Structure formats: C-alpha cells, structure tokens
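Thanks for coming, everyone. Please bring the model up on your screens. I'll go through it piece by piece.

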Amino acid sequence: MTNQGESFKKVISHAKEYGFVFQSSEIYDGLSAIYDYAQNGVELKKNIREYWWKAMVQMNENIVGLDAAIFMHPTTWKASGHVDAFNDPLIDNKDSKKRYRADVLVEDYCAKIEGKIEKEVKKAEKRFGDSFDKSEFISTNGRVVGYQTKINSILSRLAKSLENEDLADVKALIEELEIADPLTGSKNWTDVKQFNLMFGTKLGASAESAMDLYLRPETAQGIFVNFLNVQKSGRMKIPFGIAQTGKAFRNEIVARQFIFRMREFEQMEMQYFIKPGTQKQWYEHWKEARMKWHLSLGMGADNYRFHDHEKLAHYADAASDIEFKFPFGFKELEGIHSRTDFDLSQHEKHSGKKLQYFDHEENKNYTPYVLETSIGLDRMFLAVFSNALTEETLENNTTRTVLKLPAVLAPIKAAILPLVKKDGLPEVAKTILSDLKWDFNVVYDEKDAVGRRYRRQDALGTPFCITVDHDTLEDHCVTIRHRDSMQQQRVKIEDLKTIIENEVAMKHWLKKIN
Ligand code: ATP
C-alpha cells in the first residue's frame, strides 16, 4: 500500500469512527457509492453549504436562491442533451471482470507521469535551495519538458477521440500506452462503450399511464427552466444569478473513492445570466471569485490549481476546473463553465415558450448567456476533511490525532468540560453550556480524564475546550484550550462568547473574500 493509499484509508476510518460518514444501509452490507452523513458529518456538511450560500446569495445583491424539485418534466433532459449525450466511455477488463471509465484510466496514467515531474522538481528544489526558480525549471529542464509533452499529446488525443466519438481510438490509446487493470495488472480489455449515467424511474400508479422520469443528474436544469419566473417575479436585471443546492444522481461506472464519486450526491450550483459577448469577462471574474472563496478557508494555496478543459462539453465555449490535492492526487473539485445560450435556447425550442430578456438599456430582447459555477458538496467535504486530518508527534513523543478544520466549518465549536464529576463543577459547566448554546453548537462532556476528553475533541475538530475547575467557583474564570496550538488561557466566563465568536463567526471568514 502506498503512502497515499494509507492516508486515504485513515481518512475513511476516521470519518466512520468519529461519526462523520457511514456506508449507507451498512447492516445489509451497504450500497456501493452511497453514503450517510452521521451526527458530526451532517454539521460539517451543513456549515460548508451555509458558507457557500452566504458567499453567493447573501453577499451578492444580484444573486438569489432557488430550491427546485428533484423530479422534472422528462423533456427537460431531452432539451439539455442528457438523454442523448450524458454518457461516460466504459471499458471492461476481460480477466478481472472489473469495469473502468476509459478516460479515467488514461488520465490516471498521465497523473503518474505528473508524479515524476513533481519528483524532479523536489530534487531540484533541494539541490538549488533558495535560488530555485520553479517555473523556469519546469519550462527548461529536458526531462520535465519531455514528460509534459508526453502528457499533452496523450490528453489532446483523448480529447479529440472523445469529441469525435471515436471509441476505437480510445481503446487503441489504452493499448498503445500498455495501461493495465490497476487491480490485477491484466491488459486484456474489451471495446470501449458509451454508458448513460441517468437513473430512470416512473411517475404514476397505473402501468399504462405511468410517465418515464429521471432523477436529476445535475441541479442546473431546475434553474434554467425557472429563469423567467425568477427574473420576472424578482424583477432581476442582467447580470444576475440564481443559486441552488440539492441532490443529484448519477449511475457512475466506477465509484471506488469514498465520497469523491457517489451515485447520490449534492451539488451547489450558481447560474449567472449575462449579456451575450460578455462571457469571457465573467468567466475570468468567476474563476477568480471562486478561487478566493476556497483560499479564504486557509487550506493552503499549493493545494489548488486550475485545469482548463481541452475537451469542451456540448454546451460550453470555455471551461475550467478548480482541482484540489486529495489524498489520491489533484482532482476536480469545482467546475466553472461558460455555457453560452445553449440551455435557454434548447428549453425555448422544446417548450415553445420564449425564454428571453428585454434589455431596457439596449431596447431589445435577447437570450442571455450563462456562466456556471458548480461544486460538489460531498467533494468539498472530502477536501476539507482529508486536508484537516493530521497526526502530530508531541514533545513527549506521543502522537495526537487532530482534525484541523477551519473553525468556521467545525461541527462543534466548543466542548464544556467539568474537571471532575462532583463538587458542583458539572452544574457550573452546564450553566455555561446553556448560555453558549444560543449562539454556537456546543457539547458537554464529563466522561474520562480531562486529557482524554481533549484528545476526543481534537479528533472531532472542536476549536475550543472549556474546562471548569475548583477555582472557577471562586474566580468565575475557566481554562480555554485552543485545538491547534494546545495553548491554554484563563479567561472570564462572561468573555467566552466573544472569544469563540472572533474565531468561528462566518462574517469574519466571509470578509476575507469580499
Ligand atoms: P467528473 O469529471 O469528476 O465526473 P464532472 O465533470 O462530470 O465530474 P460536473 O458535471 O461538472 O462534474 O459536476 C460539477 C461538480 O459536481 C463536480 O466538480 C464535482 O464536485 C461534483 N460531482 C460530479 N459528479 C459527482 C459524483 N458522482 N459524486 C460527487 N460529486 C460529484
């Protein structure tokens, strides 16, 4: 098992052990790529959602929210292109009988070459020390340039074959690169086939009148079909945005990466309606704005990068992913897509209803263009959670597991701990708890020695532990312990609210973006 594999395994087991994520219907041996969020996970997920919602809707006067239904009229998916084109190329290994996404096999192959580049960079960094210029090294070092050229040529061939639906060439590429089944090493592959990812179901009681429906594979279409309703009822002027969070469903071919790729997941999407011709400017604007949102959480600028798409989806004229360094390497976390007027025009065509905007300044009607930002809530959860999980060796050579979550997202903001279970200390601790609970999610814990209770809260990512001791009865002060530094301070009970608020209040974090 590689280091990467080991650290990812730890993430998964920590998520289970500390009540963040469970396999769905585990008592029946689970359901593949479906997960439940447990008592702490649901809080973390809710906080991420709220942080996104506030940054989008509350902070932008011209962005409003929406909560459209999961079921939509089936023609929606004909119009959007999902019935005909929402496919992934799949390939089976004849020996192992395992199924893979053909494009992912090729991309993983390229990621390995990229790993070699990273190694060269690290070596050179060591050799040259402070005088090392990374970008110059990458553009001039013979070996690195060779690796990069190889990656570029593989990816552009893959993009071209997928665009031309030339699946035979995708297979030929896999064979030429001698890509083997990652689980067994076998190179005995079937042909590449297209596979539609939508889940179908039926609406209605009687078999004859039942209507074929799909579970939505993205939340975006709920926004497009409501474009005119929101624009008119909200008297919205272009440019304006509609934001939505909600479940989406995809029958993913390969789903082996915990909550990275699920069959039921949640998206946070925002569609920004703009004047045709301004899409380049808004594309750049939203790329920057979304990156700022990520960076505001302080999870390390080096862990993010943009990946501009070579292969564009049928609806896009430009697209970029924000990739994050997950335990298994850099992968897509969020997509920023310039969708042109594709969706609104398609819905206009299929519904026969005009979906246009009258621009008073220009005194004319037009179909707005759309800029989309689309992030997976579960993927963001995994990014935050895996980045936070840290093992530290302390001065006395013991190790401490601490979940260094951004305080604004932590499920529990403070734990109130009486030093002992007697002498009136629990009563004081409970009074503090009932004061603080109006403002923060706080817990009370009196079980085990206080050191063990600290460790338990560290593992849950709780930014503060507040200990009530015998002196508290006299001086009305408590000891507040900070999760990351483990420093302890003696403070007045009445100051607790301000101290906690200064570190966890969403507004302080949102101010870093605006
Ligand atoms: P991928 O290439 O990883 O399959 P995608 O390009 O199909 O993703 P989009 O359709 O652009 O993804 O969806 C937007 C966002 O929704 C993604 O950036 C990702 O964060 C999230 N997402 C997509 N599919 C899944 C999934 N199966 N499980 C969890 N999150 C997902």
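One term before we start: buried means under 20% relative accessible area. Arg483 sits at 5%, so Arg483 counts as buried. Keep in mind that this is a predicted model.

Stay with Arg483. Its side chain meets that of Asp484 in a salt bridge, 2.6 Å from N to O. Asp484 is partly exposed, at 38% relative accessible area. There is also a network here to look at: Glu392, Arg400, Lys404, Asp458 and Arg481 are joined by salt bridges that share partners.

How many salt bridges does the rule count? The count comes to 37. Take Glu362 with Lys275, where the closest N and O atoms are 2.8 Å apart. Glu362 lies in the loop between strand 14 and strand 15, and Lys275 in the loop between strand 10 and helix 11, so this pair ties together parts that are 87 residues apart in sequence. Glu362 is partly exposed, at 35%. Lys275 is partly exposed too, at 30%.

Now a buried pair. Arg339 and Asp343 form a salt bridge, 2.9 Å from N to O. Both Arg339 and Asp343 are buried.

Next, the domains. The assignment gives domain 1 as 1-74 + 204-391, domain 2 as 87-196 and domain 3 as 412-510. The C-alpha centres of domain 1 and domain 2 lie 26 Å apart. In contact are 12 residues of domain 1 and 15 residues of domain 2. Together the two domains bury about 1,100 Å², and carbon and sulfur atoms give 54% of that. Which three residues supply more than any other three of the area that domain 1 buries against domain 2? Ile253, Arg256 and Lys311, with 48%. The rule finds 2 salt bridges across this interface.

Last stop, helix 14, residues 425-436. With 12 residues at 1.5 Å a residue, helix 14 should span 16 Å; its end C-alpha atoms are 17 Å apart, which agrees. Which of its residues are buried? Leu425, Pro426, Ala429, Ile432, Leu433 and Leu436. Down the axis of helix 14, these buried residues fall within an arc of 120°, so they line one face.

Technical notes
Residues are numbered from 1 along each chain as its sequence is written. This is a predicted model: local features need pLDDT of at least 70, side-chain atom pairs count only at pLDDT 80 or more; totals for chains, interfaces and linings use all residues. Side-chain values use heavy atoms; hydrogens and water are left out. Helices (H or I, at least four residues) and strands (E, at least two) are DSSP runs, numbered from the N terminus. The expected span of a helix is 1.5 Å times one less than its number of residues. Buried means under 20% relative accessible area, exposed over 50%, partly exposed in between (1.4 Å probe, protein chains only). The arc is that of the directions from the helix axis to the C-beta atoms. Domain bounds come from an automatic or database domain assignment. Contact means heavy atoms within 4.5 Å. Buried area is the accessible area (1.4 Å probe) that two parts lose on being put together, summed over both. A salt bridge is a side-chain nitrogen of Lys or Arg within 4 Å of a carboxyl oxygen of Asp or Glu.
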